[in-house]
Amino acid sequence: MDGKGVLTVVTKAGKKPGFVDVVVSDTGSGIKKEFLQKIFDPFFTTKKVGDGTGLGLSVSYGIISNYGGTIDCESRTDDDAPGQSGTTFTLRLPVKPEEMSAEEEEPSTAASP
């Protein structure tokens, strides 16, 4: 976003049962169409040498995929929609019931010294 724009994070029940959606949107300059297909590729970056490795989205994609989720990106630049630029990432993650350990299930009955 280069220090400009508004960042919004929203969580909600997913459209697909058993999933939760995390939607991260900004009103920054957007991602050019020719780059959208490459943003999850390891080492892809549009930054100057030394300003980034191009691993952030690739690593994020791997982690989310390993947990059975997905990550999608939609973006518009001022060239696409003047005055309406920005990017939205939607993460869809499976909801798993929290498992309690045996220690948490049983109240402690140990006597204090």
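Me: Does Gly86 count as buried or exposed?
Reply: In this predicted model, the relative accessibility of Gly86 is 10%. The cut-off for a buried residue is under 20% relative accessible area. Since 10% is within that limit, Gly86 counts as buried.

Me: Which residues does Gly86 touch, not counting residues up to four places away in sequence?
Reply: Gly86 is found in strand E4. With sequence neighbours up to four places away set aside, the residues that Gly86 touches are Asp26, Thr27, Gly28, Gly30, Glu74, Ser75 and Arg76.

Me: What distance separates the C-alpha atoms of Gly86 and Ile31?
Reply: Along the chain, Gly86 and Ile31 are 55 residues apart.

Me: With which residues is Gly30 in contact, leaving aside its neighbours within four places in sequence?
Reply: Gly30 sits in the loop between E2 and H1. At 25% relative accessibility, Gly30 counts as partly exposed. Apart from neighbours within four places in sequence, its contacts are Ser75, Arg76, Thr77, Gly86 and Thr87.

Me: How many Å apart in space are Gly30 and Asp79, C-alpha to C-alpha?
Reply: The two residues, Gly30 and Asp79, are 49 residues apart in sequence. Their distance in space, C-alpha to C-alpha, is 9.7 Å.

Me: How many helices and strands does the secondary structure of the protein come to?
Reply: From the N terminus on, the order of the elements is β-β-α-α-β-β-α. Taken by type, the elements come to three helices and four strands.

Me: Which residues form the largest nonpolar core?
Reply: In soluble globular proteins, nonpolar side chains tend to be buried together. Here the largest nonpolar core has seven residues. They are Val22, Ile31, Ile39, Ile64, Ile71, Phe89 and Leu91.

Me: Which residues does Phe89 touch, not counting residues up to four places away in sequence?
Reply: Phe89 belongs to the largest nonpolar core. With residues up to four places away in sequence left out, Phe89 touches Val22, Val23, Val24, Ile31, Ile39, Phe40, Leu57, Ile71, Asp72 and Cys73.

Me: What share of the residues of the protein count as buried?
Reply: The accessible surface of the protein comes to about 8,800 Å², and 54% of that surface belongs to carbon and sulfur atoms. The protein has 113 residues. Of these, the share that counts as buried is 19%.

Me: Which element gives the largest share of the lining of the largest pocket?
Reply: The largest pocket has a volume of about 980 Å³. Strand E2 (19–26), helix H2 (56–66) and strand E4 (86–94) are the elements that give two or more residues to its lining. The largest share is four residues, and these come from H2.

Me: Which lining residues lie nearest the centre of the largest pocket?
Reply: The pocket is lined by 30 residues. By class, the lining has 13 nonpolar, 13 polar and four charged residues. Nearest the centre lie Met1, Ile31, Thr46, Lys47 and Leu57.

Me: Is Phe43 buried or exposed?
Reply: Phe43 has its place in the loop between helix H1 (33–36) and H2. Its phi is near 70°, a positive value in a residue other than glycine. The cut-off for an exposed residue is over 50% relative accessible area. Because its relative accessible area is 59%, Phe43 is exposed.

Me: With which residues is Ser58 in contact, leaving aside its neighbours within four places in sequence?
Reply: Ser58 lies in helix H2 and counts as buried at 15% relative accessibility. The C-alpha atoms of Ser58 and Phe43, 15 residues apart along the chain, are separated by 8.0 Å. Neighbours within four places in sequence aside, Ser58 is in contact with Phe40, Asp41 and Pro42.

Me: How many Å apart in space are Ser65 and Arg92, C-alpha to C-alpha?
Reply: Ser65 has its place in helix H2, where Ser65 counts as partly exposed at 33% relative accessibility. In sequence, Ser65 and Arg92 are 27 residues apart. In space, C-alpha to C-alpha, the distance is 9.7 Å.

Key. Residues numbered from 1 in each chain as written. Predicted model: local features only at pLDDT ≥ 70, side-chain atom pairs only at ≥ 80, totals over all residues. Heavy atoms only, no water. Core = buried A, V, L, I, M, F, W, Y, C linked by side-chain atoms within 4.5 Å. Buried < 20%, exposed > 50% of the residue type's maximum accessible area, 1.4 Å probe, protein only. Contact = heavy atoms within 4.5 Å. 1 Å grid on protein atoms, 1.4 Å probe; cavity = no way out; pocket = protein on both sides within 12 Å on 5 of 7 lines; lining within 4 Å. Points joined across faces, edges and corners; volume = space filled by probe spheres on them. Nonpolar A, V, L, I, M, F, W, Y, C, P; charged D, E, K, R; others polar. Areas by Shrake-Rupley, 256 points an atom, 1.4 Å probe, with all protein chains shown as cover.
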